[in-house]
Amino acid sequence: MVSQLIAQTVINGINVGALYGLAAVGLSLTFGVMKILNIAHGEFVMLGGYMAFWLLTLFGVDPFWSLPLVAVGLFLFGAVSYKILFATIARFPEEIRVKNSLLIGFGLFLVFPQIARLLWTGDIRSITPSYSGGSFPLFNVRIGYIPLGGLLVSIVVILALHLFLTRTYLGKSVRGTSENWKAAKLVGINVDRTYFLMFALGIALAGVAGVLVGLTQALSPDVGMEWTLKALIVVVLAGIGSTGGAFLSGMILGVVEAMGAIFMGPYAVALGLVIFLLILMFRPQGLFGKS
């Protein structure tokens with residue numbers, strides 16, 4: 001009985017952790033490449049969830065089929081946001097970028113929940129397709145259809161991002177820019193275009209995570225703060241710029257919180273903050289970052 005509880009808890013932790021990792025990858029990408037820290041990242045996760053909610057309730061689009069629509073919509077929204085808000089500071093030295101992006105992100109953090117209340121009210125929403133709550137047995141545990149689908153989508157997205165960064169010219173440009181943007185510019189890489197595309201891609205990834213979050217958790221205008229904190233913890237745990245490491249670190253955090261909930265109940269959410277502080281003190285480069 002105890003082994004069954006532990007196994008089920010680990011499965012649940014992996015499912016939640018995959019969402020942590022997917023949400024954090026976009027933040028890791030923008031900060032690792034551009035040195036822009038968007039603390040409103042969780043607000044874009046929230047917007048992705050609400051977009052899928054609208055597509056389901058208004059047009060009957062299945063949430064998993066809405067994933068590419070949300071990704072494209074958030075990519076365009078991220079592109080516009082970058083041009084209007086972040087393009088100017090991207091030309092500044094890296095220290096100034098971090099400080100100014102924090103201020104801009106804080107402004108978005110204040111504005112987006114109010115816009116969400118105007119569009120969707122402050123009521124709790126959820127994305128509930130016909131198969132919500134469905135599951136199947138596997139050995140001594142039960143696997144939910146939606147959590148399994150979210151895990152598979154997260155893995156596919158992370159693998160596609162890895163192939164993009166390692167096998168394409170643009171991906172290699174991204175890696176070169178993240179290492180040294182001045183040297184990248186000298187060898188002919190269009191740094192401004194790289195920044196533009198990476199910011200928009202990071203927001204699109206947040207939107208995809210938002211759809212999966214809305215399928216498994218309640219949506220509200222204030223949910224963004226929680227996901228910004230989770231993404232920051234995962235990015236610090238993984239190390240700056242490590243996309244694959246961010247995904248693995250998200251699953252580690254998910255399992256730790258799930259196991260902690262057995263002994264600590266609702267106080268297990270504090271484990272993430274404890275891990276955050278310990279990593280900063282003893283391994284600031286993260287588990288998968290370079291020294």
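This is a predicted model: local features need pLDDT of at least 70, side-chain atom pairs count only at pLDDT 80 or more; totals for chains, interfaces and linings use all residues.
I will start with helix H2, residues 41-59, and helix H8, residues 191-216. Their axes are 6 Å apart, and the two helices pack at an angle of about 55 degrees. H2 and H8 are therefore oblique to each other. The crossing is right-handed. On the H2 side, the residues in contact are His-41, Phe-44, Val-45, Gly-48, Gly-49 and Ala-52. They meet a set in H8 that includes Gly-202, Ile-203, Ala-206, Gly-207 and Gly-210. Sorted by class, this contact has eight nonpolar residues, six polar ones and no charged ones. If you want to find it on the structure, Gly-48 and Gly-49 in H2 are among the residues to look for.

H8 also has a contact with helix H5, residues 145-167. Here the axes come within 9 Å and cross at roughly 170 degrees. How are the two helices oriented, parallel or antiparallel? An angle over 145 degrees counts as roughly antiparallel, so H5 and H8 are roughly antiparallel to each other. From H5, the contact takes in Ile-146, Gly-150, Val-153, Ser-154, Val-157, Leu-161 and Phe-164. From H8, it takes in Met-198, Leu-201, Leu-205, Val-208, Leu-212, Leu-215 and Thr-216. The classes here are eleven nonpolar, three polar and no charged residues.

While we are on H5, consider Leu-152, which lies in that helix. With 46% relative accessibility, Leu-152 counts as partly exposed. Leu-152 and Asn-15 are 137 residues apart in sequence, yet their C-alpha atoms are 9.5 Å apart in space.

The crossing of H10 and H11 is right-handed. Leu-253, Val-256, Glu-257, Gly-260 and Met-264 in H10 meet Leu-271, Gly-272 and Ile-275 in H11. By class, the residues of this contact are five nonpolar, two polar and one charged.

Is Lys-230 buried or exposed? Its relative accessibility is 8%, so Lys-230 counts as buried. Leaving out residues up to four places away in sequence, Lys-230 touches Tyr-20, Glu-257 and Val-269.

Next, the aromatic rings. The count comes to twelve aromatic pairs. In one of them, the rings of Phe-44 and Phe-112 have their centres 5.3 Å apart and their planes at 85 degrees, so the pair is edge-to-face. Phe-44 is in H2 and Phe-112 is in helix H4, residues 94-120, and the two are 68 residues apart. Both Phe-44 and Phe-112 are buried. Phe-44 is also one of the H2 residues that meet H8.

Now compare that with another pair. The rings of Tyr-50 and Trp-120 have their centres 4.2 Å apart and their planes at 5 degrees, so this pair is stacked. Tyr-50 lies in H2 and Trp-120 in H4, so the pair ties together parts that are 70 residues apart in sequence. Tyr-50 is buried, and Trp-120 is buried too. Ring pairs also link Tyr-82, Phe-86, Phe-196 and Phe-199 into a cluster.

Last, two residues with positive phi. Most residues other than glycine have a negative phi. Lys-35 is not a glycine, but its phi is positive, at about 60 degrees. Where does Lys-35 sit? Lys-35 is found in the loop between helix H1 and H2. At 17% relative accessibility, Lys-35 counts as buried.

The other residue is Thr-121, with a positive phi near 65 degrees. Thr-121 is in the loop between H4 and strand E1, which spans 135-138. Its relative accessible area is 34%, which means that Thr-121 is partly exposed.

Key: Residues are numbered from 1 along each chain as its sequence is written. Side-chain values use heavy atoms; hydrogens and water are left out. A crossing is left-handed if the near helix is turned anticlockwise from the far one by less than a right angle, and right-handed if clockwise. Helices (H or I, at least four residues) and strands (E, at least two) are DSSP runs, numbered from the N terminus. Contact means heavy atoms within 4.5 Å. Ala, Val, Leu, Ile, Met, Phe, Trp, Tyr, Cys and Pro count as nonpolar, Asp, Glu, Lys and Arg as charged, and the others, Gly among them, as polar. Rings of Phe, Tyr and Trp (its six-membered ring) pair if their centres lie within 6.5 Å; planes under 30 degrees apart count as stacked, over 60 as edge-to-face and the rest as tilted. Buried means under 20% relative accessible area, exposed over 50%, partly exposed in between (1.4 Å probe, protein chains only). Axes are lines fitted to C-alpha atoms, for helices over the stretch in contact, and angles run from 0 to 180 degrees between N-to-C directions. Angles under 35 degrees count as roughly parallel, over 145 as roughly antiparallel, 65 to 115 as roughly perpendicular and the rest as oblique.
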